[in-house]
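Visitor: Could you take me through one part of this model up close? I'd like to look at where the two chains meet and what is packed around there.

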Amino acid sequence: MAAKPKLKYSLAQNFVWMLKSIREFDRTLLTWIAMNGVSTALGNMVPIVFPKLIIDELTIGGRTERVIFLAILFGVMLFITNGITGISYGFGAIPSGSMSIRFIALRIKFHQRQNLKSMTMDFENLENPEILDKHAKAERAFYGNYSGLEGMSRQVLTMFRSLLTLIGTISVVIVTGYWLLLIAAVIVTITSIMSDRARIKTKQIQDELAPNNRKIEYLQNMTTDFTYGKDIRIFGFKNFILGKFKEAKETDFSGSKKIFKIELFNSNIGAVLTGIQEAAVYAWMCYKVIAGAINIGSFLMYVASMATFSAAMKEIVQGFVDLQQQSAVINDYREYDDLIDTPPTGAKPPESIRDKGAEIEFENVSFKYPGSEQYALKNVSFKINLREKLAIVGLNGAGKSTFVKLLMRLYKPESGRILMNGTDVQTYSRDEYYKLFGAVFQEIYTFAFSVAENISLEKYDKTNMQRVKETIELAGLQDKIATLKKGIDTPMMKNLDLEGVEFSGGEMQKLALARALYKDAPFIVLDEPTAALDALAEERLYLNFDELCKGKTAIYISHRLASTQFCDRIVLFDQGGIAECGTHTQLLAGGGKYAELFNIQAQYYRDNPESEAI
Amino acid sequence: MDNEVKISKQFKNIFPCLRYFYGIAWKRDKSYFLSTILEIIVKGFTPFINIFIPKLIIDQLLGERDVNILALLISVLVLLNLAAAGANNLFTFLNDKYRVKFDNLFYEMLGEKCMRMDFAHTENAEILARRQKAERGGTDNTYGTLYVMTGVITALISAVITFAGTLYVVGRLSPLLLAILVAITIINMVVVSNLSKGSVQFYKDLIELNRKFGYYNWNLKDFKYGKDIRTYNAVPMITEHSDYYVNTEWYMQRKFNRKQNRFTTATTFLNSAQQALLYGYLGIQVVRRAITVGEFQMLITAAVSFATSLRNIVENFIALARTVEFMNEYRLFMQIEDTARSGTKKAEKIKHTIEFRNVSFKYPGAENYSLRKVSIKIEAGSKLSVVGQNGAGKTTFIKLLCRLYDPTEGEILIDGINVLEYDIDSYRELLSVVFQDYKLFAFTLRENIVGEKVVNKGDIISALDKAGFSERYEKLEAGLNTSVYKSFDKNGIEFSGGESQKIALARAIYKNAPVTVLDEPPPRLTLWRNTIFTIVLTNLSAIKRRFIFRTGSQAVNFAII
């Protein structure tokens, strides 16, 4: 096998971690595991031991009442052991006994805790490629019943049961035929090694086939995806696509055949080895019977024990392979978890800032995004006055959004400080600091909750519905709400409720504005809030701007210069720095970059008076 | 009651489905049937190896103890078991092979059907839903495929063989035991079916709940929500909502679990009782010298096989009905009839005058007409711009022209002949269309433009040039072999919307058909001159912006819909 990358946590460490996690989430589960292990092992031994006792009785002549007694006892023992096993874990492919649902609950709690962490960890992690990569890997720990914490717990249960069964069968057979146990153990080891090798070879073939499989999936989807229908029909692509499909399927078929052949070979070797074991067991036991060492009841018991022994042994050996895989998954998860484990701390910003706002100063701030070589902002020093209406303009990539993200502490400056009334904002508690900002971001996302909850971002029983209605009026969303049957209680999106509504781009921007207004924070940040609005709504927003942002510091980002004239000051970003700053008239008179850009845009409007900007 | 009606309906589909799927398989590969029959025989008789031979060994051990005979018996036992295992492995191998082969075939047939069927079907919501069901029921091994169906049938028939054999063995020596076993098995099945009635509803509820719960656990963790969640402190809201679902799910699981535990107890009791009765009853027979110890052992094994096979028969029969229910969707989908008319006339790739005469159209199932009494004559070689607001019928107009739909009333004529009289494939040769929602494929640039045809590279490049793509083309290292999208080629290129549209345009230009249709073309487009007839669709509200394109010397006619 190729050299495996060294894992941070060993199997033993992850095993301990698993035990600790189970204890943390559901202490009783450990008791369940112990109980189920014992009942299952006993359940395996009962059908080995009791038939022997009965047959022993029969071969010595047999007393009717004794036979009946043993038969009933046999039934009772079966009922008790299998009953406990069944009720605790259940049987079959989808066990759903009492502890089985506890395993599921274990995963869910584990997943929930992790989601909470993901939702509260520092924002900059979310755009860090290294963390994203680790996050994607860590997700496997929540994939289902047989992955991560739940997977490992279930695997450990299986192995525990097999271990007890193994001890039981060994203690039965060891005196009469210890060497049979050795043969069986060797055979199980050989078959396990072989199946492990086969697994690796199969994996290799599958990896080689993977690109082809993606192709098949794509082509399958395309042939049955009707949105391709028009082009396929008009341009006569049907046979071309079918041809590609067949070709890819041929490749898959020949690769799959190789895998099937490996499986066939392996299972046949396994059958031969099992045959050898069977022959050895029967021959040795018959010899013992003839030699008078054992009777016919023991003969049958040993034959049955050997089969159970092999099965348990196999589960343990293969269990270790699985356990290692689970351990690798858990390792990935823990490596990710270690990275993000930085709880936010800091003081609460003073009440006065919440009530009256504050002056903000950028002091020589530089920043580059994780994994990027280039500075997104370089040596920016700038002061935002108390309750100022500030417009930020500039071309795409000039640093406008980065400036705002730093201000809102979605990112930390690489160097330099951001001061609020003279205090470095990093000293404040992050979550308390967030409370100072109401923001409309460029991309607007809604949650599959009611319209009201999407505005308050609080659960309905905590939402101030009156205030929601007011902000809806202010944001100009009331006409849309009036068309909804359930008004502000209408659920959004279709994830949870098929009656959920989807808003258009313009409506989403109005909703986001209402959201920012509802928060009633001293600072309000609007990042391109009119991009999806129609001309009338845009005009309305400009007219109401003063009213909306009354008594607040407002920061308004736009790449359309003409739309920022209602602000107190305009600052122009260029290549990660502040190029110009002043009122519209000042900047235009200055004849600098602002004036140049403004003229280009204005010219476009003159040529096409009624068109939109592109 | 409802359940019974459904099951009888399922049974009705069994034979048509068997005929349909095995009919196709028979045409493709007759060896499949041979292998299946052999598998049934082997599986049916395998249990008897371990019913008879251990008995003979025990008889020997308790009787003559002839070493030679014992050696022979052990050899026969081991070899037969080995042969059965080997045969089973071989059947697994063959079945896997056939599975891949037939899955491919049935998917290919489905794909072919989807790409060939009337376009009108493809925009029909009902057909769309049926396509999904067909995909599930004919190509997905978790629902139903030939592989699944054959597996069920094999298990069913081999269980019948085992059942008949063990019936004979047990019945000959102990008919009373048979009655007891049948009774216990029936009670067991009644218990299980009672449970499964409740479990169907439970799993349905659970799926719904899991879907919702998945939204919290998987969708919401998408980092795109990160900014809003943090700056608006949405965590408490999300957690509270999520907790609600977790609790509901836990409560539901517990409730179902309690019920299930009762059934588990009942079936465990029945199984234990069965074993106790078997051993007790047969033990007494031995004590009474009615049977030997060897026969005792044989009857125990046979009785268990008997009960198992009886249960297998019932379960697989139900499984067959369920599988067929899924598979029937495939069969019915494949039998959807095409109603679009296609004539036999071959259309010539030359100039044509096109005329819509009193054409009205409404979409299947729609109440309102999308087009009403449209009459327009488009002279050969002219250019027509069709403008109108969203939903005015521009795209429908084009779909009718492309014969993606047939008019509800009225007729479309080319050079005075109804288009329906032409063979549809040759008719479509007349058209080059760039749809508003055009699609590119994750193939090479060349394949996106010409498909599989082997053609002159220069022609493709000239088409790209006319589409305004040449500047971008120069920068492509792999030229025409550049993969579109990164799906299969990490050097593939995700072209921007504008660039993609130009590639789609090049595809249309390359086709060099007499009629060109552009739905919402890019602004500032130079219409190429050698086209005979062009239609440009434009949204009325964007008209000022769009009409920058230079149209050469020819005048553009307007038709406002």
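This is a predicted model: local features need pLDDT of at least 70, side-chain atom pairs count only at pLDDT 80 or more; totals for chains, interfaces and linings use all residues.

Guide: The contact draws 106 residues from chain A and 98 residues from chain B. On the side of chain B that touches chain A, the top contributor is helix α9(B), residues 235-287, which gives 27 residues. Sort that side of chain B by residue type and you get 45 nonpolar, 28 polar and 25 charged.

Now for the packing. The largest nonpolar core counts 153 residues, and Ala303(B), Val433(B) and Ala506(B) are the ones with the most contacts inside it. Helix α10(B), residues 293-334, supplies the largest share of this core, 16 residues. Zoom in on Val433(B): leaving out residues up to four places away in sequence, Val433(B) touches Ile398(B), Cys402(B), Ala508(B) and Val517(B), plus Ile234(A) from the other chain. Apart from that core there's another one, of 74 residues, and its members include Val451(A), Val468(A), Leu513(A) and Leu561(A).

While you have chain A on screen, have a look at some of its strands too. One pairing to pick out is Glu363(A), whose bridge partner in β4(A) is Arg417(A). β4(A) also pairs with β5(A), residues 423-424, again antiparallel, through 2 bridges. There, Met420(A) stands opposite Thr423(A). The hairpin of β4(A) and β5(A) has 2 residues between the strands, and Asn421(A) takes a positive phi near 50° in it.

Terms used. Residues are numbered from 1 along each chain as its sequence is written. Chains are lettered from A and ligands numbered from 1 in the order in which they are written. Two strands pair if DSSP finds at least two bridges between them. Helices (H or I, at least four residues) and strands (E, at least two) are DSSP runs, numbered from the N terminus. Two residues are in contact if their C-beta atoms, placed from the backbone, lie within 7 Å. Ala, Val, Leu, Ile, Met, Phe, Trp, Tyr, Cys and Pro count as nonpolar, Asp, Glu, Lys and Arg as charged, and the others, Gly among them, as polar. A nonpolar core is a set of buried Ala, Val, Leu, Ile, Met, Phe, Trp, Tyr and Cys residues joined through C-beta atoms within 7 Å. A residue is buried if 20 or more other C-beta atoms lie within 10 Å of its own, exposed if 12 or fewer, and partly exposed in between; C-beta atoms are placed from the backbone.
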